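The entries below follow the order in which I went through them.

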Amino acid sequence: MQRVPSLKLLMGFEAAARLGNFSRAADELHLSQSAISHQVQQLEEQLGQPLFRRIGRGVELTVAGEVLQRSVQRSMETLRSGLGRIATYLDPGLVVLV
């Protein structure tokens with residue numbers, strides 16, 4: 001069974017894939033461009049294949065990158081949804097009936 005990469009690496013990848021640019025991904029995640037580049041490089045090494053093609057100042061996904069992006073986006077949506085559901089339990093005035 002293949003080890004799942006860290007959430008930090010996947011979040012850097014997802015932002016770069018969505019924005020098509022490591023610098024914009026870095027700005028969004030409050031990191032340096034170099035940090036995003038290193039995260040993507042680590043992820044590519046772990047997976048054993050390139051996820052991006054560098055084009056000018058931007059990047060575009062390889063076929064493997066497109067497949068991974070879809071999976072990561074679905075996973076992130078699931079995580080956000082779950083976090084949203086548990087956030088309601090932080091309301092001190094909330095009464096939950098089961």
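**Entry: Gln 69**

I began with Gln 69, which is found in helix α4. I took helices (H or I, at least four residues) and strands (E, at least two) as DSSP runs, numbered from the N terminus. A note on the source before going on: this is a predicted model, where local features need pLDDT of at least 70, side-chain atom pairs count only at pLDDT 80 or more, and totals for chains, interfaces and linings use all residues. Residues are numbered from 1 along each chain as its sequence is written, and side-chain values use heavy atoms, with hydrogens and water left out.

Is Gln 69 buried or exposed? Gln 69 counts as buried because its relative accessibility is 14%. The cut-offs I used are under 20% relative accessible area for buried, over 50% for exposed, and partly exposed in between (1.4 Å probe, protein chains only). I then listed the contacts of Gln 69, leaving aside neighbours within four places in sequence, and found Phe 13, Ala 17, Arg 18 and Leu 61. Contact here means heavy atoms within 4.5 Å.

**Entry: the core**

Next I looked up the largest nonpolar core, which has 19 residues. By definition such a core is a set of buried Ala, Val, Leu, Ile, Met, Phe, Trp, Tyr and Cys residues joined through side-chain atoms within 4.5 Å. The residues with the most contacts inside this core are Phe 13, Phe 22, Ile 36, Leu 43 and Phe 52. Two or more residues come from each of α1 (7–19), α2 (22–29), α3 (33–47), β2 (58–61) and α4 (63–87). The largest share, six residues, is from α1. As background, nonpolar side chains tend to be buried together in soluble globular proteins.

Not counting residues up to four places away in sequence, Leu 43 touches Pro 5, Leu 9, Leu 10, Phe 13, Leu 51 and Leu 68.

**Entry: aromatic rings**

How many aromatic pairs does the structure hold? I noted two. Rings of Phe, Tyr and Trp (its six-membered ring) pair if their centres lie within 6.5 Å; planes under 30 degrees apart count as stacked, over 60 as edge-to-face and the rest as tilted.

Phe 13 and Phe 52 make a tilted pair, at 5.5 Å centre to centre and 55° between the planes. This pair links distant parts of the chain, with Phe 13 in helix α1 and Phe 52 in strand β1, 39 residues apart. The rings of Phe 22 and Phe 52 have centres 5.5 Å apart and planes at 85°, so I wrote this pair down as edge-to-face. Because Phe 22 lies in helix α2 and Phe 52 in strand β1, the pair ties together parts that are 30 residues apart in sequence. Phe 22 and Phe 52 are both buried, and Phe 13 is buried as well. I filed Phe 13, Phe 22 and Phe 52 as one aromatic cluster.

**Entry: salt bridges**

I counted four salt bridges, the rule being a side-chain nitrogen of Lys or Arg within 4 Å of a carboxyl oxygen of Asp or Glu.

Glu 28 and Arg 18 meet in one of them, at 2.5 Å, N to O. Glu 28 is in helix α2 and Arg 18 in helix α1, 10 residues apart, and the pair links distant parts of the chain. Glu 14, Arg 18 and Glu 28 are linked in a network of salt bridges.

Arg 54 and Glu 44 form a salt bridge at 3.7 Å, N to O. Here strand β1 (residues 52–55) holds Arg 54 and helix α3 holds Glu 44. Glu 44 is buried, with a relative accessible area of 13%, whereas Arg 54 is partly exposed at 46%.

**Entry: Glu 60**

Glu 60 lies in strand β2 and forms a salt bridge with Arg 53, the closest N and O atoms being 3.0 Å apart. Glu 60 counts as partly exposed because its relative accessibility is 34%. Not counting residues up to four places away in sequence, Glu 60 touches Leu 51, Phe 52, Arg 53 and Ile 55.
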